[in-house]
Amino acid sequence: MPTVDTAYTHDLDLQADVCVIGTGAGGAVLASELAEAGYSVVMLEKGGYHTRKAFNQQEKEMMPLLFEEGGARTTKDGGISVLHGTSVGGSTTVNWAICFDPPASVLTEWAEDHGIEGIRLEDLAPSLAKVRRILNVQPIPPEAVPENGRLLLDGARKLGMKGGIFEHNRTQCLSSGFCILGCSYDRKQSMLVTYVPRALHFGARLLPNAEAKTFEREGDRITAVKGVLTNPETGAQYQVRVRAKVFSVSGGAISTPVLLMQNGLGNAQVGRNLTLHPTTAAVGLFDHQVKAFQGIHFTTYVSDLEPEGILLESIFAYPGLMGSNLFRWGARAAETMAQYDRMAAAIVLLHDDGRGEVRVDKWGLPEIDYWVNAKDQAKFRTGLKALARIYLAAGAKEVLLPHSDGLTIRQEGDLDAIERMPIETNRMAVFSAHQMGTAAMGANPEASATDSWGRLHGMDNLFVCDGSLLPTSLGVNPQITIAALGDRTARHLVREASRYF
Amino acid sequence: MSVPLSRRRFLLQALGLGAGWLAGSVTLAGCAPTRYPERALSFLTPKEWAALDAASAHLIPRLPGKLGGPDLPVATAADELFALANPRLQADLKQLLNSLEDMTWVNLRFRPFTQLDATAQESYLRSWERSALGLQRQGFVALSKIAAMLFYSDPRAWEQIGYPGPWVGRFDFGQGLANQGDLAANPNPHVFERVPE
């Protein structure tokens, strides 16, 4: 029976065929597939190994445990909250379990404009099929859609707009609604309860609380990675060294470029090309109790604006997250929060045109440089107007926009305010739960960080396998795409085994 | 909860460009009452604690019959939380609170934020919120998010917003579940199967 031992008492010096750094959607799948293929695999995970027994559904305790910087990470000017996970399973442990296949048009763009081999939808189909099966991807049953989700669809339909119900990766969901604080019931099929245990089942070894720091190299080959093990009970720290034939950095699009840059690995494209799916939200206030905190938070979407790069998705937030993102304060905020149980909420998620960059600051931490460009600001206005109309059509007495001007929409005539509102840093709530692109695939080493299969340009055996690989913003929730890329990278390594092993 | 500030730039801009924000708009008569932490602090200094405590009274005010920011209190929760944060977050929070307390420019002189009356404190915070300077807005948003996150994630605040709280502790769904935190057991039977191509 696989076990995970974090009671470290001494330094470790390990040898394996493959060392995977990070256990999120990309790294866990890569590790599992290679273990299944018979290779010895060591997984290093910076975060802790936390299971449902620890997931107590309290924001104040789970955010520091499961999110980078306790959920307080932002872009350098504070304009965008950047949410990503830091525990075994990575961001899949704390995501909303929404599943989209990658849009065929985006994959075609990657093939034609970026010269990436084997990336068209038909190429990726076997990987997508396997990932969907292991993650148990299925439609959310209509009866599991709570009123918060229904209000978005009802309003949209009254306006003649199209929408639908998401697919998700949950099994026998209890609809508790605490997905992003770690599923307390193991119903969300995150990497924590699927590909990571699958990797262990096929013989991989997992070291949580193990932060990779430096690489040993001989010419263009990495020979070992060294890091620090922390015993979570005692706080004692030890050295870990893993020698391997192949290495994958899979820490996500924020952490991966930091590790590479700290080690002088990769070309000038590492850290650049950051996309974030910038997201803002609107709250519909209704006369009746919506109780949107009950049930699955993310269930429905409106797709009419998708060709313009805008997705509208129902969502809700626990009290701390809601209160801190209303962009209201004082008595007005308190009076608004007093109506928490009559709120419905949805997001405007952008297929971003803009680009940013990740650098390393003096603390050795990521400095994220990104703000929403003019084209994407126009999408925010379009999306927020559509969302306000939808909620008014659904019967909301008013629609609150999370902006410091305190914008409230009560009728069609109020919508002009959205055109006029300043979209500047720290004037409105903008966040990102999807970070992509900072070690992008591509045929041209001048314009990309890795080759078509995620191997760092100029290196023989160092791969990237996570959201960093995406050369453009995806436009939909990316976990299935990233997981499929993990499967695809594994297939490439097995196919080219004589070259790598 | 976001607090990254460029420390030096914040100081310079707050000093050099922020002068006159409040000139003539506030008075110093009747300082807000000074409060003290109810227990030993882990991370914040008493001065920093007092600045955050005073700000929280405006960010989450006490409405009739309801709790407000100082009731929980938010500043003590921030002290606990940031004691465990990374050095960057810690440095940024200290920078922010010291800037708030030391550099409040009122009637052509600097006055401690905590020694202003309530009206002046609120006006000062509003000037940050509406500032043309991104760094001042950033400081305000950081304060506002810290206060709101820590206040509303506290169970004592839930009754007044109609939030029943987590299922854990209210409902027991533990019985009969396969996985008690053991990676080998999982309700999804496909996890350990080899998948035919």
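Start your tour where the two chains meet: across the interface of chain A and chain B there are five salt bridges, a salt bridge being a side-chain nitrogen of Lys or Arg within 4 Å of a carboxyl oxygen of Asp or Glu. Before going on, know that this is a predicted model, in which local features need pLDDT of at least 70 and side-chain atom pairs count only at pLDDT 80 or more, while totals for chains, interfaces and linings use all residues. Residues are numbered from 1 along each chain as its sequence is written, chains are lettered from A and ligands numbered from 1 in the order in which they are written, and side-chain values use heavy atoms, with hydrogens and water left out.

**Stop 1: the interface**

Select Asp361(A) and Arg88(B). They form a salt bridge whose closest N and O atoms are 2.7 Å apart. Now widen the selection: 81 residues of chain A and 63 residues of chain B take part in the contact, where contact means heavy atoms within 4.5 Å. About 6100 Å² is buried between chain A and chain B, and carbon and sulfur atoms give 59% of that area. Buried area here is the accessible area (1.4 Å probe) that two parts lose on being put together, summed over both. On the chain A side, pick out Lys60(A), Arg133(A) and Trp329(A), which lose the most area to chain B, together 14% of what that side buries.

**Stop 2: chain B**

Next, colour chain B by secondary structure. You will find six helices and two strands, in the order α-α-α-α-β-β-α-α from the N terminus on. Helices (H or I, at least four residues) and strands (E, at least two) are DSSP runs, numbered from the N terminus. Of the 197 residues in chain B, 54% are buried; buried means under 20% relative accessible area, exposed over 50%, and partly exposed in between (1.4 Å probe, protein chains only).

**Stop 3: a five-stranded sheet**

Move to chain A and show E9-E3-E2-E13-E23, the order of an open sheet of five strands with parallel pairing. Strands E9 (205-207) and E23 (462-464) of chain A are at the edges with a single partner strand each, so one side of each has no neighbour in the sheet. Two strands pair if DSSP finds at least two bridges between them. Strand E2 (residues 18-21) and strand E3 (residues 41-44) of chain A, for example, pair in the parallel sense over four bridges. Zoom in on Ile21(A) to see its bridge partner in E3(A), Leu44(A).

**Stop 4: the largest nonpolar core**

Keep Leu44(A) selected. Along with Leu207(A), Met322(A) and Leu462(A), Leu44(A) touches the most other members of the largest nonpolar core, which has 225 residues. Such a core is a set of buried Ala, Val, Leu, Ile, Met, Phe, Trp, Tyr and Cys residues joined through side-chain atoms within 4.5 Å. Helix H6 (residues 134-152) of chain B gives the most to this core, with 11 residues. Around Met322(A), leaving aside neighbours within four places in sequence, look for contacts including Val283(A), Phe316(A) and Tyr340(A).

**Stop 5: a mixed sheet**

Finish with four strands of chain A that form an open sheet in the order E1-E12-E11-E10, with mixed pairing. E1(A) and strand E12 (residues 237-243) of chain A pair in the parallel sense over four bridges, and Leu12(A) stands opposite Val240(A) in E12(A). In the segment before E1 of chain A, select Asp11(A). Is Asp11(A) buried or partly exposed? Asp11(A) is partly exposed, with a relative accessible area of 47%. Not counting residues up to four places away in sequence, Asp11(A) touches Tyr238(A) and Gln239(A).
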